[in-house]
Amino acid sequence: MQQDKDNKGSMTVAEAGRKGGETVRNERGREFYETIGRKGGATVKAERGRSFYEEIGRKGGETVKAERGAKFYEEIGKKGGDRVKATRGPNFYEEIGRKGGQKVKKLIEEGKRAARAAMEKQQEGAGAQQEEPASSSAAPPDESSSPGRSE
């Protein structure tokens, strides 16, 4: 396979690109690449939508799983967890677990309140419907005007 050479003949296009990228990084810093990456990502999101990123993320994940196997994700998850534990300490997991539990508890309580309110509203509506026919019904027929009696 022949490598593409630039005009000078001593460096490939890939080597020239790498050298140029290193020069920009040294002159402008890593933040420059973060900024232009964020801007580019925002532009792509505006043009193609969030679903584009979801789709390419899913495809990439499937490719990695096919190439490396599901065990790979277990390994990198364990490495990440160990790194967090080393950086933040074992109490970090206790803290986020407690916060997560409190959040779940709060959501359950809100759900129960909403369900009670809905049931009360439903019962009020059913009670109002039962009262309407009773209050709007005609008075019972007068005994004197009953068809079975004659005077």
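I started with helix H1 (residues 13-28) and helix H2 (residues 30-48): their axes come within 6 Å and cross at roughly 105°. For the record, axes are lines fitted to C-alpha atoms, for helices over the stretch in contact, with angles from 0 to 180 degrees between N-to-C directions. Helices are DSSP runs (H or I, at least four residues), numbered from the N terminus. H1 and H2 are therefore roughly perpendicular to each other (that label covers 65 to 115 degrees).

Next I listed who makes the contact, meaning heavy atoms within 4.5 Å. H1 brings Gly21, Val24, Arg25 and Arg28, and H2 brings Arg30, Phe32 and Tyr33. Sorted by class, that is three nonpolar, one polar and three charged residues. My classes: Ala, Val, Leu, Ile, Met, Phe, Trp, Tyr, Cys and Pro are nonpolar, Asp, Glu, Lys and Arg are charged, and the others, Gly among them, are polar.

A note on provenance: this is a predicted model, where local features need pLDDT of at least 70, side-chain atom pairs count only at pLDDT 80 or more, and totals for chains, interfaces and linings use all residues. Residues are numbered from 1 along each chain as its sequence is written, and side-chain values use heavy atoms, leaving out hydrogens and water.

Then I checked H2 against helix H3 (residues 50-68), and these pack at about 105° with axes 6 Å apart. H2 and H3 are therefore roughly perpendicular to each other. Here I found Gly41, Val44, Lys45 and Arg48 of H2 touching Arg50, Ser51, Phe52 and Tyr53 of H3. The class tally is three nonpolar, two polar and three charged residues.

On to rings, which pair if centres lie within 6.5 Å (planes under 30 degrees apart are stacked, over 60 edge-to-face, the rest tilted). I get four aromatic pairs by that rule. One is Phe32 with Tyr33, edge-to-face at 5.6 Å centre to centre and 70° between the planes. Phe72 and Tyr73 have ring centres 5.7 Å apart and planes at 70°, so I logged that pair as edge-to-face too.

Tyr33 is partly exposed at 35%, and so is Tyr73 at 38%.

Last, I looked for charges over rings (NZ of Lys or CZ of Arg within 6 Å of the ring centre and within 35 degrees of the ring normal). The charged end of Arg28 sits over Phe32, 4.6 Å from the ring centre. Arg48 lies over the face of Phe52 at 4.5 Å.

Terms used
Helices (H or I, at least four residues) and strands (E, at least two) are DSSP runs, numbered from the N terminus. Angles under 35 degrees count as roughly parallel, over 145 as roughly antiparallel, 65 to 115 as roughly perpendicular and the rest as oblique. Rings of Phe, Tyr and Trp (its six-membered ring) pair if their centres lie within 6.5 Å; planes under 30 degrees apart count as stacked, over 60 as edge-to-face and the rest as tilted. Buried means under 20% relative accessible area, exposed over 50%, partly exposed in between (1.4 Å probe, protein chains only).
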